[in-house]
Amino acid sequence: MRKYLVLLATAMIFTSCGEYQRVLKSNDANYRLDYAKRAFEAKKYTQASTALEDIVTQFKGSEKAEDALYLLALSNYENKDYQTSGEYFKTYYSRFPKGKYTELARFYTGYGYYLDSPSLSSTSQGQ
């Protein structure tokens, strides 16, 4: 029984890696967006952002553009890349000023920059 569980776990690891490579090679933007959503839910933020980077512009002007751009920004935020996420969040709320994630995008922009700033204890005091 234990042997089968190890084989199953190994097969799942190789399958997920293979799917990620297929996603990166795919030109189907919808497939990549679906994969990015699943990767984000599985807390694979780097894979989600990589899958979205090339396709966000392909969705421009479509209904999926808003979700794709917000998910890209949020994936970078969860990766603790606050500078990049801030730029994507700014792009989001500039393009979608009345979008469904505008308020959150503005919050995450400011909070990300706060988290990225040096703490008071690491700066030299009294100089």
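Serine 49 is found in helix 3; helices here are DSSP runs of H or I with at least four residues, strands are runs of E with at least two, and both are numbered from the N terminus. This is a predicted model, in which local features need pLDDT of at least 70 and side-chain atom pairs count only at pLDDT 80 or more, while totals for chains, interfaces and linings use all residues. Residues are numbered from 1 along each chain as its sequence is written, and side-chain values use heavy atoms, with hydrogens and water left out.

Is serine 49 buried or exposed? Serine 49 is buried, at a relative accessible area of 5%. Buried means under 20% relative accessible area, exposed means over 50%, and partly exposed is in between, with a 1.4 Å probe and protein chains only. Not counting residues up to four places away in sequence, serine 49 touches Leu72, Ser75, Asn76 and Asn79. Contact here means heavy atoms within 4.5 Å.

Take serine 75 from that list; its place is in helix 4. Serine 75 has a relative accessible area of 0%, so it counts as buried. Leaving aside neighbours within four places in sequence, serine 75 is in contact with Phe40, Tyr45, Ala48 and Ser49.

Next, lysine 37, which lies in helix 2. Lysine 37 has 34% relative accessibility and therefore counts as partly exposed. Between lysine 37 and serine 49 there are 9.8 Å from C-alpha to C-alpha, and the two are 12 residues apart in sequence.

That brings me to a helix pair. Two packed helices are described by the angle between their axes and the distance between the axes. For helix 2 and helix 4, the axes come within 11 Å and cross at roughly 35 degrees. Axes are lines fitted to C-alpha atoms, for helices over the stretch in contact, and angles run from 0 to 180 degrees between N-to-C directions. The crossing of helix 2 and helix 4 is left-handed, that is, the near helix is turned anticlockwise from the far one by less than a right angle. Helix 2 contributes Leu33, Ala36, Lys37 and Phe40 to the contact, and helix 4 contributes Ala68, Leu71, Leu74, Ser75 and Glu78. By class, the contact of helix 2 with helix 4 has six nonpolar, one polar and two charged residues. Ala, Val, Leu, Ile, Met, Phe, Trp, Tyr, Cys and Pro count as nonpolar, Asp, Glu, Lys and Arg as charged, and the others, Gly among them, as polar.

Now the core. The largest nonpolar core has 31 residues, and Leu52, Phe59, Leu74, Phe89 and Tyr92 touch the most other members. Such a core is a set of buried Ala, Val, Leu, Ile, Met, Phe, Trp, Tyr and Cys residues joined through side-chain atoms within 4.5 Å. Which element gives the largest share of this core? Helix 4 does, with nine residues.

Leucine 74 is in contact with Phe40, Phe89 and Tyr108, leaving aside neighbours within four places in sequence. Tyrosine 108 is in helix 6 and is buried, with a relative accessible area of 19%. Tyrosine 108 and phenylalanine 89 are 19 residues apart in sequence and 7.5 Å apart in space, C-alpha to C-alpha.

Finally, the whole protein. There are six helices and zero strands. Of the 127 residues, 35% count as buried.
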